[in-house]
Amino acid sequence: MELIWDAIKVRMSQGKQFVPDLRGANPVGFRGLPVIDTKPCASGCTQCVDECPTDAIKLEPFTIDLGKCVFCDECARTCPENKVSFGAGYRLASRTRAGLIVGEGKALSDIEACDWIRKIFGRSLKLRSVSAGGCNGCELEVNAMANVNFDMGRFGIDIVASPRHADGLILSGPISANMAEALALTYEGMPDPKFVIAVGACAISGGVFASSPALDRRFLDRFEPDLYVAGCPPHPLSIVNGLLDLLGHQSGTW
Amino acid sequence: MAIIVANHPNVLTTKINEVETLGYKSFRAKVEEQIASGNRLLSFFGSPIQGPEKQGVTTPKNVALNAVFLATGRGLIHFRGIAEAAEEYKPLTNKFSFMHCFEREIHDQYGLPMTGHPWLKPIRFEGKQLGKMNDYRFYKLEGKEVHEVAVGPVHAGVIEPGHFRFMCHGEKVYHLEIHLGYQHRGAEALLTKTEPRKISPLIESIAGDTAVAYTVAFCRGWEALCGISVSPEVECIRGIALELERVAMHLVGLGGLATDVAFLPGSSTYGRLRTSVINLSMRLCGSRFGRSWFRPGQLRFAFTEKHKADIRKTIDQVQKDIALINRLFRQSTTVRHRLCTTGTVPTELAKSIGIVGMTGRASGVACDTRGELKGGVYAAHPIEVVTEPDGDCWSRGLIRIREIDLSLDWILKIVNSLSEVSENERVEYSPLPNACVVSVEEGWRGEVVQYIETDSSGKIAHFKVQDPSIRNWFGLAQAVKDNAIYDFPICNKSFDLSYCGNDL
């Protein structure tokens, strides 16, 4: 009997934990989408480029490749002109690799739903996660999408236990050579139609490991992702919002 | 062994030519002597001898074997041994089982013969072994009704890849061989050639769930080499970050255990409590994983009265709610039934195979560098080291529950003792040339050890990283023995080891 009271107490303490609107959430403090000012760089200054650990920044014109960016804030701190600052924006996904490059007047464009993916998976999308050298940062955030807070299950999006049951493959990690074959086999094991989602700087560009000879990224030459989600690791809101965009869900509530 | 910088207890800096260097025989004797005296082996690794002969093939003469011991009350001890010829090597594993992973790694990385080593399985299939994971022949049992089960590298959950090969009779596991290396990204080689200023983002990605402990270990080591000191207040913030990471990841572990035994209130409650804790980290530094919070000599985000109030409020709520779910978790028959006496690693076994950190403490081994070294903020504000005697999955759950409670109380104590701490400007680095440093930090899994060596111009010549997981994976293999194969997931979750921390 006492145990029942304890269970009720836990249930009451739980309350309502879900983020009601995944489109309109406010992750206080999150270091996300960079805001780029239009003021010109100091002449000849290359400090941000020199400090960037992943060569994500190009000058003339100033751009940041969010597919490489690890959101370490170093460029913002080093810039004498305060040209760049990181805001709390978590809409950090793109349908194309090139779309992740942002600059002056070149914001991250809104994602248009993918017709065939929406038609087939709009109401039910089952995902398989494969970590190929992921550091467990992206993996924990992918897991978090399914927890009681982010609860992507409300949109019919779930993580499934077997590639045989999956429609989409969430790729995290820079694709280590030792994992390249298992990754390809997993994708081949998924029934058609299917697609790839690249989550995090490592999956998208190799991230901090990009120059390592222990990687084998040829998988991406064969299977181009249909969605890229930037971050190191991406916030669960970034991944969920990218998925909702891809599936053509207007609203972040259910 | 001269110490050149006023040392933090968690680091040991030495000029390379002042590191006690012995011939292999005396080195081996000294290692045995240290073990016999009760000092705890923290690390054992190879490093290339710098100099003109460094280029080209590795020979015993240009590889130093480094031993790092922890002498309680006296701190870290580092000495090295160099063999004249390959024939001299005589694996220590035959005498001390816990040496197995270290000698295997040295064999993999330097090709040194370890003739007579009982199990020279590649640690992570690096270097020449890259891409050859499928060629490996697993240990086999034969007999009527004996069967083999292969699991992974891709698993049912969202976890990192690793392969598990079971030899079973019916559902009973007789032998488990763990096959790792899928996550190998060449991290040590990258660390050695990365500009020091850009190392922090890389070190945070070695094992992203332990980003804070890795960064703090690197900061301390690099600070010692550069003669930089940080204020006690910055050490306090590092302590807060470390304990928040511990609490968050212990909550992941408890949530995972609850999920794996189908105890759904635990699964959802521990999960959302973790969200509260990591969102607190995000409000303090912009990242749910504490990334970019610290750099050598630098606290990058100011700590204000607003943050203090936020921490108090968040922790107060977490403490109230966690007490309720812990009570239910501990009383629940279904949880106890599945976890008690499952996956047991008794104390003696844990000691002999060298299980460290939280997992070791759950097996009654009181190894915790926060208590053993009392470095940084743990000197003025010690934290209690707890152990559980039984070493089963239940103990590994309980130790998390107890450590969460202790860490939350401890954080509140630190917050109360602290006024506002301003962020620091970045500092310039001028590392000592021809020096080396060992740095140790107790992450949530156990001790993270790093070794950095500089050359004559102060550039990094060698960078070695050690996650506690490299020692503990063998513990999981032992824990599963004689258990039923269906209990493997809870055994694995209860250890919650890092694949990428092992694979580097």
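**Figure 1. Where helices H15(B) and H16(B) touch.** In this close-up, Asn472(B), Gly475(B), Leu476(B), Ala479(B) and Val480(B) of H15(B) meet Phe488(B), Cys491(B), Asn492(B) and Phe495(B) of H16(B). Sorted by class, this contact has 6 nonpolar residues, 3 polar ones and no charged residues. Please keep in mind that the model is predicted.

**Figure 2. How helices H15(B) and H16(B) cross.** What is the handedness of the crossing of H15(B) and H16(B)? The crossing is right-handed.

Figure 3. Stepping back, chain B has 17 helices and 13 strands. The radius of gyration of chain B is 22 Å, close to the 23 Å that the globule rule gives for 504 residues, so chain B is as compact as a globular protein of that length. Along the principal axes, the C-alpha atoms of chain B fill a box of roughly 70 × 65 × 40 Å.

**Figure 4. Inside chain B.** Of the 504 residues in chain B, 56% are buried. Now consider the contacts in chain B between residues at least 6 apart in sequence: 68% of these join residues at least 24 apart.

Technical notes
Residues are numbered from 1 along each chain as its sequence is written. Chains are lettered from A and ligands numbered from 1 in the order in which they are written. This is a predicted model: local features need pLDDT of at least 70, side-chain atom pairs count only at pLDDT 80 or more; totals for chains, interfaces and linings use all residues. A crossing is left-handed if the near helix is turned anticlockwise from the far one by less than a right angle, and right-handed if clockwise. Helices (H or I, at least four residues) and strands (E, at least two) are DSSP runs, numbered from the N terminus. Two residues are in contact if their C-beta atoms, placed from the backbone, lie within 7 Å. Ala, Val, Leu, Ile, Met, Phe, Trp, Tyr, Cys and Pro count as nonpolar, Asp, Glu, Lys and Arg as charged, and the others, Gly among them, as polar. The radius of gyration is taken over C-alpha atoms; the globule rule is 2.2 Å times the number of residues to the power 0.38. A residue is buried if 20 or more other C-beta atoms lie within 10 Å of its own, exposed if 12 or fewer, and partly exposed in between; C-beta atoms are placed from the backbone.
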